[in-house]
Protein chains: 2
Amino acid sequence: MENPSEDTPARWQGLPSWLLSQTANHAHRLVGDGFSAVGARGYHYRLLATLEQSGPASQAALGRRSGIHLSDMVATINELADSGLVERAPDPSDRRRNIISLTSAGKRQLRRLEKRLAETQEELLAPLSPEERQHLTKLLSRLLDHHNRRTGTPEEPWR
Amino acid sequence: MENPSEDTPARWQGLPSWLLSQTANHAHRLVGDGFSAVGARGYHYRLLATLEQSGPASQAALGRRSGIHLSDMVATINELADSGLVERAPDPSDRRRNIISLTSAGKRQLRRLEKRLAETQEELLAPLSPEERQHLTKLLSRLLDHHNRRTGTPEEPWR
DNA sequence: CGCCTAACGTTCGGATGGCTAACGTTTATG
DNA sequence: CATAAACGTTAGCCATCCGAACGTTAGGCG
């Protein structure tokens with residue numbers, strides 16, 4: 001009795017929101033696998049990359065720049081600090097703050113993660129030609145921009 | 001001290017995997033908001049839609065068709081059954097199975113969810129022209145197909 | 001016929017990413 | 001000085017996706 005319709009494609013499967021979610025699932029899985037092969041996950045990469053780019057900063061500032069929620073920052077920094085990839089030091093000029101900085105081990109880990117990430121992009125976009133990849137990127141960027149503007153912008157909202 | 005680089009875009013933000021994930025997040029949020037306005041969530045819609053399309057079936061069969069994990073099916077059906085949108089009856093010909101069927105209230109709910117979903121697509125794709133929407137859909141479909149083939153195909157794996 | 005495997009439903013729990021609420025400490029501002 | 005704001009922290013929720021385990025029931029095969 002489970003055979004009468006095993007070939008019906010289900011109508012929602014053509015919806016952009018569905019395609020987007022599912023494709024993102026695959027991407028998420030690929031990225032996650034790549035990261036976990038090096039003992040990390042998305043937040044770790046985002047934080048390390050933000051740190052390298054912004055330099056040492058307070059947790060709150062890092063949260064703003066990386067788009068990681070403050071309450072998740074705590075755990076993320078704990079994990080990275082436990083592995084010696086990051087250092088947490090009190091800010092002498094403001095005792096509310098911790099100053100987080102990248103260690104050299106952290107930099108090395110970041111290099112590894114970037115490598116994985118690059119490989120993942122290849123795997124993710126395998127079936128598309130270079131032009132198609134570019135086109136997809138452009139379309140997605142426009143969508144993202146639009147919605148980021150509608151919702152509180154994640155980057156540079158203050159200026 | 002948090003100003004020196006508030007304008008650096010962060011390099012990962014151009015990666016397709018990132019664009020995909022973030023855009024999907026927005027989509028997910030939009031869809032979820034639409035659904036929750038009618039007291040439902042994604043799994044509910046997927047199950048109801050699958051039910052209408054396949055007709056009554058066992059939980060395992062529905063799980064296969066809808067792509068919902070068996071262990072999540074239980075809770076989903078419980079919730080839908082509690083709201084009277086779905087009925088769970090033992091299969092007289094196989095005592096291992098429950099036969100799940102859509103009630104008329106369930107059909108009505110499905111109509112509502114479909115309406116929301118359609119509105120959401122509009123909202124999601126607002127900044128794109130019809131041709132661009134089509135192009136995006138096509139590119140995503142190709143990606144999804146590719147990866148679904150690589151991973152265990154979600155639909156019709158047995159045939 | 002009996003056994004063993006496989007399918008089914010169920011419960012429990014984990015991972016990831018995103019988010020809210022509360023609270024104490026510290027700084028800045030009116 | 002007093003009040004407001006920022007900071008870090010803890011605790012918790014939600015949705016989707018997933019794996020492990022277990023008892024029950026059917027089916028296939030010797």
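# Close-up views of a predicted two-chain model with DNA

**Figure 1. The surroundings of DNA strand D.** Around DNA strand D there are 20 residues, the closest being Ala60(A), Ser71(A), Gly42(B), Ser71(B) and Arg95(B); a residue is near a strand or molecule if its C-beta atom, placed from the backbone, lies within 6 Å of it. This is a predicted model, in which local features need pLDDT of at least 70, side-chain atom pairs count only at pLDDT 80 or more, and totals for chains, interfaces and linings use all residues. Residues are numbered from 1 along each chain as its sequence is written, while chains are lettered from A and ligands numbered from 1 in the order in which they are written. At least two residues of the surface near DNA strand D come from each of helix 3 (59-66) and helix 4 (70-82) of chain A, and from each of helix 2 (42-54) and helix 4 (70-82) of chain B. Helices (H or I, at least four residues) and strands (E, at least two) are DSSP runs, numbered from the N terminus. Helix 4 of chain A contributes the largest share of this surface near DNA strand D, three residues. Sorted by class, the surface near DNA strand D holds four nonpolar, nine polar and seven charged residues. Here Ala, Val, Leu, Ile, Met, Phe, Trp, Tyr, Cys and Pro count as nonpolar, Asp, Glu, Lys and Arg as charged, and the others, Gly among them, as polar.

**Figure 2. The surroundings of DNA strand C.** The most, three residues, come from helix 4 of chain B. The surface near DNA strand C is made up of four nonpolar, 10 polar and seven charged residues.

Figure 3. Chain A has six helices and three strands, and from the N terminus on its elements run α-α-β-α-α-β-β-α-α. Of its 159 residues, 37% count as buried; a residue is buried if 20 or more other C-beta atoms lie within 10 Å of its own, exposed if 12 or fewer, and partly exposed in between, with C-beta atoms placed from the backbone. The average pLDDT of chain A is 88, and 89% of the residues score at least 70; pLDDT is the predictor's confidence in each residue, from 0 to 100. Residues 1-8 of chain A have a pLDDT below 50, and this stretch has 10 contacts in the model beyond near neighbours in sequence. Two residues are in contact if their C-beta atoms, placed from the backbone, lie within 7 Å. Please also take care at residues 154-159 of chain A, where pLDDT stays under 50.

**Figure 4. Leu48 in the nonpolar core.** The largest nonpolar core has 73 residues, of which Leu48(A) and Leu48(B) touch the most other members. Such a core is a set of buried Ala, Val, Leu, Ile, Met, Phe, Trp, Tyr and Cys residues joined through C-beta atoms within 7 Å. Beyond its neighbours within four places in sequence, Leu48(A) is in contact with Leu85(A), Leu102(A), Gly106(A), Gln109(A), Leu110(A) and Leu113(A).

**Figure 5. Where the two chains meet.** Across the interface, 52 residues of chain B are in contact with 53 residues of chain A. On the side of chain B that touches chain A, helix 6 of chain B gives the most, with 13 residues. The residues of this side divide into 24 nonpolar, 19 polar and nine charged.

Figure 6. Ala24(A), in helix 1 of chain A, counts as buried because it has 22 C-beta neighbours inside 10 Å. Not counting residues up to four places away in sequence, Ala24(A) touches Leu20(B), Ser21(B) and Ala24(B). His146(A) sits in helix 6 (residues 130-150) of chain A and is partly exposed, with 18 other C-beta atoms within 10 Å. With residues up to four places away in sequence left out, His146(A) touches Ala126(B) and Pro127(B).
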